[in-house]
Amino acid sequence: MLKRLVQRRRHGKGPYGHLFAAPPGDEVMALDCETTGLNTRTAELVSVAAVPVSAGRVQAGAALDLRMARPASLDGESICIHGLRGVDLHDGVPVEEGLRHLLDFIGNRPLVGWCLDFDLGIINRYLRASLGFDLPNPVIELSDLYRRRHHYRNPESLPDLRFERVAGELGVPVIGRHSARGDATTAALMYLKLKSES
């Protein structure tokens, strides 16, 4: 909280000051990114997507879906996961430009996602270097919501927190697994289902 206040003072009158204000209404943004690895200190962004959730509906047609310029650390191992080859990224945008698009798109709305600590760790590393702040948006972690649901219904057992398993348990289709837009859309649907049951 103190860090957020310091950042608000520092950036409050700058071009991104609005990010530090209280979010409007009940709209949230489901967020996901694909990267070249699993280490938040070294992995590079390959793609990022944000899907609006508003008035109880997933606005999939209004999603932001960005591919970045080919990162230096793109290799066969990461391509096997997200399926984006160097040739698929030939018209990608530079990361700093892509993140500015992302900031403009998500504004100060709460962010929803699966294991968001990882995605935010990557994104914030770039933001700190280029703009001097972390994303100040409120965060809604889906695995925490599901954990609470599971504990309420099955207090004697541990939940299976695999993404596909949780989606299946919630009756949500897994859309384009390991694509940023697909995973963000699935996360948005999972959020609505969990919210409707709370």
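Student: How many aromatic pairs does a search of the whole structure find?
Tutor: The search finds 3 aromatic pairs. Keep in mind that this is a predicted model.

Student: What kind of pair do F20 and F133 form?
Tutor: An edge-to-face one. The ring centres of F20 and F133 are 5.6 Å apart, with 75 degrees between the planes.

Student: Where do those two sit in the chain?
Tutor: F20 is in the loop between helix 1 (2-11) and strand 1 (28-35), and F133 is in the loop between helix 4 and strand 6 (139-141). The pair therefore ties together parts that are 113 residues apart in sequence.

Student: F20, buried or exposed?
Tutor: Buried, with a relative accessible area of 1%. F133 is buried too, and its relative accessible area is 1%.

Student: Which residues do ring pairs link into a cluster?
Tutor: Y16, F20 and F133.

Student: And W114 with F163, what are the numbers there?
Tutor: The W114 and F163 rings are 5.8 Å apart, centre to centre, and their planes make 80 degrees, which is edge-to-face.

Student: Which parts does that pair tie together?
Tutor: W114 lies in the loop between strand 5 and helix 4, while F163 belongs to helix 6, so the pair joins parts 49 residues apart in sequence. Both W114 and F163 are buried.

Student: Staying with helix 6, which of its residues are buried?
Tutor: Helix 6 covers residues 163-170, and F163, V166, A167 and L170 are buried in it. Looking down the axis of helix 6, these buried residues fall within an arc of 100 degrees, so they line one face of the helix.

Student: What do they pack against?
Tutor: Helix 5 (142-153) and helix 7 (180-197).

Student: What comes just after helix 6?
Tutor: G171, which takes a positive phi of about 75 degrees.

Student: Which residues other than glycine have a positive phi?
Tutor: A55 is one of them, with phi near 55 degrees. C115 is another, also with phi near 55 degrees. As background, most residues other than glycine have a negative phi.

Student: Where is A55?
Tutor: In the loop between strand 2 (45-54) and strand 3 (57-58). A55 has 61% relative accessibility, so it counts as exposed, the cut-off being over 50%.

Student: And where is C115?
Tutor: C115 is in the loop between strand 5 (111-113) and helix 4 (116-130). C115 is partly exposed, at a relative accessible area of 41%.

Student: New topic. How do helix 3 and helix 4 cross?
Tutor: Their axes come within 11 Å and cross at roughly 105 degrees; helix 3 is residues 95-106. That angle makes helix 3 roughly perpendicular to helix 4.

Student: Which residues make the contact?
Tutor: From helix 3, V95, E96, L99, L102 and L103; from helix 4, I123, Y126, L127 and S130. By type, the contact residues split into 7 nonpolar, 1 polar and 1 charged.

Student: What is V95 in contact with, leaving aside neighbours within four places in sequence?
Tutor: L45, M68 and Y126.

Student: How far apart are V95 and F118?
Tutor: C-alpha to C-alpha, V95 and F118 are 17 Å apart in space, and 23 residues separate them in sequence.

Student: Where is R85 found?
Tutor: R85 is in the loop between helix 2 (76-82) and helix 3. R85 is partly exposed, with a relative accessible area of 45%. Setting aside neighbours within four places in sequence, R85 is in contact with L74 and I79.

Student: How far apart are R85 and A62?
Tutor: R85 and A62 are 23 residues apart in sequence and 25 Å apart in space, C-alpha to C-alpha.

Student: Last one. Where is H150, and what does H150 touch?
Tutor: H150 is in helix 5. At 11% relative accessibility, H150 counts as buried, because buried means under 20%. Not counting residues up to four places away in sequence, H150 touches P155, S157, L158 and P159.

Conventions
Residues are numbered from 1 along each chain as its sequence is written. This is a predicted model: local features need pLDDT of at least 70, side-chain atom pairs count only at pLDDT 80 or more; totals for chains, interfaces and linings use all residues. Side-chain values use heavy atoms; hydrogens and water are left out. Buried means under 20% relative accessible area, exposed over 50%, partly exposed in between (1.4 Å probe, protein chains only). Helices (H or I, at least four residues) and strands (E, at least two) are DSSP runs, numbered from the N terminus. The arc is that of the directions from the helix axis to the C-beta atoms. Contact means heavy atoms within 4.5 Å. Axes are lines fitted to C-alpha atoms, for helices over the stretch in contact, and angles run from 0 to 180 degrees between N-to-C directions. Angles under 35 degrees count as roughly parallel, over 145 as roughly antiparallel, 65 to 115 as roughly perpendicular and the rest as oblique. Ala, Val, Leu, Ile, Met, Phe, Trp, Tyr, Cys and Pro count as nonpolar, Asp, Glu, Lys and Arg as charged, and the others, Gly among them, as polar. Rings of Phe, Tyr and Trp (its six-membered ring) pair if their centres lie within 6.5 Å; planes under 30 degrees apart count as stacked, over 60 as edge-to-face and the rest as tilted.
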